[in-house]
Amino acid sequence: MSSVAVAKKKGFGATVWDYLTTVDHKKLAVLYLVAGTLFFAIAGFEALLMRIQLMIPNNNFVSAGFFNELLTMHGTTMLFLAATPLLFAFMNAIVPLQIGARDVAFPFLNSLGFWLFFLGALFLHLSFFMGGAPDAGWTSYASLSLYSPGHGIDFYVLGLQISGAGTLISGINFIVTIITMRAPGMTFMRMPLFTWTSLISSTLILFAFPPLTVGLFLMLVDRMFGANFFNHTMGGNTIIWEHLFWIFGHPEVYILVLPAFGLFSEIIPVFARKRLFGYSSMVFATILIGFLGFMVWAHHMFTTGLGPTANAIFAVATMAIAVPTGMKVFNWILTIWGGSIKVTVPMLYALGFIPSFVAGGVTGVMQATAPLDYQLHDSYFIVAHFHYVIVGGIVTAIFGSFHFYWPIMFNRALSEKLGKWTFWIFFIGFHLTFFIQHFLGLMGMPRRVFTYQADQGWDLFNFISSIGALMMGVGVILLVTNIFMSIKSKPLNCRDYWGDGRSLEWALKTPVPFYNFKQTPLVRGFDPYWLEKHEGNKEGMTYAEPLGDIHMPNNSIIPLVISIGMFVAAFGALYHPDGVSWSIPVIVIGLGITVAAMITRSLKDDLGFHVHVDEILATEEELYGKGGNK
Amino acid sequence: MMKGLKKWRLFSLLAVMTVFLSACGEEYITTLKPAGAVGKEQFNLLLFSISIMALVVVVVSVLYLYAFAKFRRSKQGEDHMPKQVEGSHTLEVIWTVIPIILLLILTVPTLITTYKFADVKAMEEVDEEGNKTALTVNVTAKLYWWEFEYPEQGIVTAQELVVPTGEKVYFNLKAADVKHSFWIPSVGGKMDTNVENVNKFYLQFDEESADLKDGVFYGKCAELCGPSHALMDFKVKTLSREDFDNWVAAMQATEGQTANADSADLGEATFANSCLGCHAISGVGASGAMGPNLATFADRNRVAGVLEHSKESIEKWVTDPEPYKPGNLMTGKYGELSEEEISAVADYIMTLSVED
């Protein structure tokens, strides 16, 4: 691959092939972004269908069984297939730039991680067209999921197993990248908060996904091959599933919310024009939240009957998480304190995030109060709580970062005006939907109900909640419109779009060349771009090396082939319990494709290629005009 | 912008007030008007934790809104360069220590009540004659109905729990098929019914249900258990101890009651042929039935837990239960019945009563 060719206009087929084979972290970020947005839209649509069903009592808009499929797929998709890839999109796009790297540590694995995730997600969604989606909730508690007829749960188990492998691979890749690929001078305590939270979040993935993998594997052999791990009549135990699921499931919340914290810790200092307050305590709080996140899973099981001692321990441990989280909130507030606050769309999301997330946090502490949780658990109160955390914390971070990082990712800007409309409609809709649900829960409404009787005092609040949900839907449509409009807008071709960028990614001129940095930068302090800028350095960075040849990885189709093999094999496993004759051959063929691709990868030496100095100069001149990136 | 913000605050304040004033919910289902000692303590914990949390929210909001109002770029000028502050150890210590203290305060009642609610030792206590002193009910949750066995009294009922007021009632909770969760919101918090073990807890019912709108408290299944999870309701009738004892005696008096297949009454004969295999009509017995015990059917409040208590509902239900409780285990178990037979069965089971 010639470097100059990258910037040239290409045919449609060549572009598709380029994306199918790419190992470039920036292009994988785009793939994650597109896939994540797609699944976000699907899961959001599912939520709308549910809210329409619950708008009035005794509604017949969807059937009971289909409602359970909707609630299962909404939760599963939002957490695994929307929030995770969208955050991965930003981690892929931004982390290498923030640490001054030319790519992630294992570009091939980066691509493999994406394709496994995507094909696993695709497999899961095919269930809607192939006999019914999973219907036992995203938690898929064992007694119900073993009882559930049809193949829905099998789609859940296999789809998540494949996409989970992708997530695990990506997590490991980020850990290695952040530890080993930092530019000279980028010490741990100079890393931007988003890189820090990505590191901790990836570490959580490393420890949290294996329990899920184990749980899913046990479920798989139970359902497909008649094992009895969770069948209590044969000596199995369903509570083990609950433990395995939540040992994964609780850290999963932090896997998602920590990068969101990181994104806000990038946005707030830029638009407050002020250094992040209490950087080292922010880092410490991140690590502490990550650690405590593993100590609290049983607070999801206060009513399971683990006994008072277990409940007491987990109640106290859960409350403890409020302390580092509170530290973060106060540090953000002190960052804007004494700053110069410019209310752009990303900042608007950050400002909306703080009160929303605090509201979600305090209801979390209330539920940590175990005896009180006996009332709140599995009621609409908990639905309100986790949507305040997830929408108020994670979705606002993602939407804000769309605006914030769009210039770096696409060399285009999203419309501020439309963005502000989007924010207000979405934000008001969000509070309208979920604030009122706290009270529905306190008034005795259980969660995951497909309907409710008219005489229980819940009618009005459910109606209001559904109106809010429709507003959120309008907000998302506006955001997508904004994205499409940006495609037609003029390229920015600038550096530091927001004017007050601080970390290294803002030092790069857009469009960012495929090798990111023509020379590896030398990091001389925290907020390196801010430092250089204020010392009058026009290039935005000091270099650690002279201009020389750059070693880059080759594109490869093998990650996609490996993933397709798994995808094919999953169909064989899925239909195996039906006793069809082709199930075993399909498993063998699928895994054969995967293994053959892996062998090819192992035997064929792929040493990458070098971009020579003259090619670099030519690329820079083509991107930025005469003189290159000056 | 600031003006808009003020309006917005006023609006949200009003919204909160309205919500608080109007929204305590219906007293037979809401947790906000507790009708039992456990629910009351949980309500007090709710108020206590809300107060602490409100303090946190107020402090954060004041700091946040002040900072936001005061440090806008529009006020400070485009070129204003703020001082780049690294942090403050004093402040860090303050906002670490104060939350810890607040949480410690919250921990005390949390721990005390956690152990208190789990104390079921009294279940085993006996008087001089060896009789259990406390009332125990064995609850079995099934797709999608509830069975209540009173082991000491030797009686069993379904769908409508009957309990005395003013004393602790102990529960053994278990599921027969998939996991459910036993919840009577206005009396106290929930406990799961697991498939592999018996969970024990107690509740106390402090108000007689007779004055409520339907004369009963509402009970719910709180754990997703399949398509009809939302319809897995039960009702709770709370009686004075004396009335309860009378009810128990009346239940015990139904011993041996059964339907006769040769009866001249078409309803009884049909019931004996098509229904009796699963539905007992004697209240004496133990849990483990295929279908809900119907000995007290006429005294109940709903058909199938959710339908209006009328002959029409029974007819609709017996004709085809599936639309009213998708995934129930009754559909297709009793063959085809004619309209006449269904009507007669409905009349018949509406006579099954132990109350006057």
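Author: In UniProt annotations, positions follow the numbering used here, feature names are shortened, and an annotation may be inferred rather than shown by experiment. The model itself is predicted.

Reader: Which residues of chain A does UniProt list for "domain: Cytochrome oxidase subunit I profile"?

Author: The entry behind this feature is unreviewed. Within the span the feature covers, the end C-alpha atoms lie 43 Å apart. UniProt places the feature on chain A, at residues 11–524.

Reader: At what angle do the axes of helix α8 and helix α9 of chain A cross?

Author: Helix α8 of chain A covers residues 193–225, and helix α9 of chain A covers residues 238–272. Their axes come within 8 Å. The crossing angle is roughly 165°.

Reader: Is α8(A) roughly parallel or roughly antiparallel to α9(A)?

Author: The crossing angle of α8(A) and α9(A) is roughly 165°. Angles over 145 degrees count as roughly antiparallel. So α8(A) and α9(A) are roughly antiparallel.

Reader: How many residues of the contact of α8(A) with α9(A) are nonpolar?

Author: The crossing of these two helices, α8(A) and α9(A), is left-handed. In their contact, six residues are polar and two are charged. The nonpolar residues number 23.

Reader: Which element gives the most to the side of domain 1 of chain A that touches domain 2 of chain A?

Author: The domain assignment of chain A puts domain 1 at 25–46 + 64–180 and domain 2 at 190–342. Their C-alpha centres lie 17 Å apart. On the domain 1 side, α4 (64–98), α6 (142–147) and α7 (152–180) of chain A each give two or more residues. The most, 13 residues, comes from α7(A).

Reader: How many residues of the side of domain 1 of chain A that touches domain 2 of chain A are charged?

Author: Here 29 residues of domain 1 of chain A are in contact with 29 residues of domain 2 of chain A. The domain 1 side has 19 nonpolar and nine polar residues. The charged count is one.

Reader: How far apart do the C-alpha centres of domain 1 of chain B and domain 2 of chain B lie?

Author: In chain B, domain 1 is 2–75 + 89–117 and domain 2 is 135–349. Between them, 14 residues of domain 1 are in contact with 17 residues of domain 2. On the domain 1 side, the largest share is four residues from α2(B). The centres of the two domains of chain B lie apart by 40 Å.

Reader: Where in chain B does UniProt place the feature "transmembrane region"?

Author: This feature also comes from an unreviewed entry. Residues 45–69 of chain B are 100% helix, with end C-alpha atoms 35 Å apart. Residues 90–112 of chain B are 100% helix too, with end C-alpha atoms 34 Å apart. UniProt places the feature at these spans of chain B: 45–69 and 90–112.

Reader: What percentage of residues 132–250 of chain B is strand?

Author: UniProt places "domain: Cytochrome oxidase subunit II copper A binding" here, from an unreviewed entry. Residues 132–250 of chain B are 8% helix. Strand makes up 50%.

Reader: Which element gives the most to the side of chain B that touches chain A?

Author: In all, 77 residues of chain B are in contact with 76 residues of chain A. Elements that give two or more residues to the chain B side include α2 (37–70), α4 (89–117) and β6 (180–184) of chain B. By class, the chain B side has 40 nonpolar, 24 polar and 13 charged residues. The most, 15 residues, comes from α4(B).

Reader: Which residue does a cis peptide bond join to A:Thr510?

Author: Omega of this bond is about -5°. The partner is A:Pro511.

Reader: Is the peptide bond from B:Leu143 to B:Tyr144 cis or trans?

Author: B:Tyr144 sits in the loop between β1 (135–142) and β2 (145–150) of chain B. Omega of the bond from B:Leu143 to B:Tyr144 is near -20°. The bond is cis.

Reader: What is phi of A:Asp496 near?

Author: A:Asp496 is in the loop between α16 and β1 of chain A. Its phi is positive, in a residue other than glycine. The value is near 55°.

How values were computed:
Residues are numbered from 1 along each chain as its sequence is written. Chains are lettered from A and ligands numbered from 1 in the order in which they are written. This is a predicted model: local features need pLDDT of at least 70, side-chain atom pairs count only at pLDDT 80 or more; totals for chains, interfaces and linings use all residues. Axes are lines fitted to C-alpha atoms, for helices over the stretch in contact, and angles run from 0 to 180 degrees between N-to-C directions. Angles under 35 degrees count as roughly parallel, over 145 as roughly antiparallel, 65 to 115 as roughly perpendicular and the rest as oblique. A crossing is left-handed if the near helix is turned anticlockwise from the far one by less than a right angle, and right-handed if clockwise. Ala, Val, Leu, Ile, Met, Phe, Trp, Tyr, Cys and Pro count as nonpolar, Asp, Glu, Lys and Arg as charged, and the others, Gly among them, as polar. Two residues are in contact if their C-beta atoms, placed from the backbone, lie within 7 Å. Domain bounds come from an automatic or database domain assignment.
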